[in-house]
Amino acid sequence: MHGGRIERIEGACPLGARWFAERAAAQAPVARVDGVEADLPTALGVAAGVLTAARLPLVYGLGQSSCETQREAVAIAEAIGAVIDPAGGTLDGRTAAAVQALGASTATLGEIRDRAEVVIVWRADPVTTHPRLLARLGLDRSRDRRALVVVDSAPTATAAEADLFVELAGEEDLEALSVLRALVRGAPVERDNAPSLPWASLEQLAVRLGGCGHAAFLFGAGLAAAPGGDVRVMALQALLRDLSGSLHGVSAVLRTEGNAAGAEAVLAWQTGYPGAVSFARGYPRGSADELSAPGLLARGEVDAALVVASDPLEHLPAAAAAGLRAIPTVTVDARDSVTADAARVALTTAAAGIHVLGTVHRLDDVPITLRAPLQASRPAQEEVLRALAEQIADRLGARQAEQREA
């Protein structure tokens, strides 16, 4: 650092360097209304008007913000009767909902590093998406006794590091996991019922699982976000449950966003549901099928949106992105984005971990505190949302007073 600015970044992976670069020196004004710079109180007033006038607003994103910011977003969603849905469900699949239905065996990254004898990466490519993970788990070329198995539909960068690569078609996860359950339990299986499965590779994997005392499954959007992903995640957790009689098996989700785990934890703590929650009836009601953000946007059921620390126009399906462009949107983010450029109101904030402190959850759900090496020249996201909540409360209070007088 020099003169309160980051001059260079050392020791970061390419993804980390880009994260810092996008947030360390935001060029956009603190507040914009219809693309024109405005003062913050004016922009907050317009944003409050947009959200309180909506019949059914949507709160979306959250996975790249701190837990403190996520709490403020939940409070706003409750106040305006909105649907709140983290972007993690769209990007990574609704793993938390599947875990709520069946349970899960989890572990910290440290436990996986120190105890796992076999690590199975199922439809994920951490060499690309989490560049330091294999080395931190002791799965790089220097490893000795631990084995790395990769299951995917085609060779990946991670598969090149593996001791065993299981090439499995994308639609055969459920069958393969069911076969593995039968193999590790010693139950009879009929090969003729699934002739396209890679039986030899699955049998090798079952032998490895049967000969170890601790195994870890790492999976990502390739498993959980595919059609029927919740059922596939439950099938994986059922396999771990079956393995518990002979070994200790755990799982971890390789998420796309840095604090996606925190967003699900905050929502579950405050509403009882990890995502897709509606406050329209005055109390939280969760339904992943009915209330997912892409579905609501594609069907035109929401008429305003508050997007927090996310760029949905870059990752939503085309129909949902078109639905978002058709409604007034308020964005709160530490970086400029395509969504912010298209928003009715765009608020650019300080970044947790660079300018302000904050709490986030690692991918193994361990909470950590982010430091703030630079001094903030912009308000923090939670401060902006708190100020927006005050403006919303004032407008709702005035509306209720008018209704009583009428």
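**Sheet, helix, ring pair and voids in a predicted model**

Nine strands form an open sheet of mixed pairing, in the order 2-1-14-13-12-3-4-10-11. This is a predicted model, in which local features need pLDDT of at least 70, side-chain atom pairs count only at pLDDT 80 or more, and totals for chains, interfaces and linings use all residues. Residues are numbered from 1 along each chain as its sequence is written, and side-chain values use heavy atoms, with hydrogens and water left out.

Q: Which strands stand at the edges of the sheet, each with a single partner strand?
A: Strands are DSSP runs of E of at least two residues, and helices are runs of H or I of at least four, numbered from the N terminus. Two strands pair if DSSP finds at least two bridges between them. One side of each edge strand is left without a neighbour in the sheet, because each has a single partner; these are strand 2 (36-37) and strand 11 (285-286).

Q: Which residue stands opposite R32 in strand 14?
A: Strand 1 (residues 31-33) and strand 14 (residues 345-348) pair over three bridges in the antiparallel sense. Within strand 14, the residue opposite R32 is A346.

Q: In strand 12, which residue is the bridge partner of Y60?
A: Strand 3 (residues 57-61) pairs with strand 12 (residues 304-308) in the parallel sense, over five bridges. The bridge partner of Y60 in strand 12 is V307.

Q: In strand 4, which residue is the bridge partner of L58?
A: Strand 3 also pairs in the parallel sense with strand 4 (residues 83-86), over four bridges. With helix 3 (residues 67-80), these two strands make a right-handed β-α-β unit; right-handed means that, with the strands pointing away from the viewer, the path from the first strand over the helix to the second runs clockwise. The partner of L58 in strand 4 is V83.

Q: How many residues of strand 3 are buried?
A: Buried means under 20% relative accessible area, exposed over 50%, and partly exposed in between, with a 1.4 Å probe and protein chains only. Both faces of strand 3 are covered, with P57, V59 and G61 on one side and L58 and Y60 on the other. The number buried is five of five.

Q: How far apart are the end C-alpha atoms of helix 2 (residues 40-53)?
A: The expected span of a helix is 1.5 Å times one less than its number of residues. The 14 residues of helix 2 should therefore span 20 Å, and the distance in the model agrees: 20 Å.

Q: Is the aromatic pair of W122 and F217 stacked, edge-to-face or tilted?
A: Rings of Phe, Tyr and Trp (its six-membered ring) pair if their centres lie within 6.5 Å; planes under 30 degrees apart count as stacked, over 60 as edge-to-face and the rest as tilted. The structure holds one aromatic pair. The ring centres of W122 and F217 are 6.5 Å apart and their planes lie at 35°, so the pair is tilted.

Q: Which helices give two or more residues to the lining of the largest cavity?
A: On a 1 Å grid over the protein atoms alone, a cavity is a set of points where a 1.4 Å probe fits but cannot get out, and lining residues have an atom within 4 Å of a point. The lining of the largest cavity includes L313, L324 and A342. The elements that give two or more residues are helix 17 (318-325) and helix 18 (338-342).

Conventions:
On a 1 Å grid over the protein atoms alone, a cavity is a set of points where a 1.4 Å probe fits but cannot get out, and a pocket is an open set with protein on both sides within 12 Å along at least five of seven lines; lining residues have an atom within 4 Å of a point.
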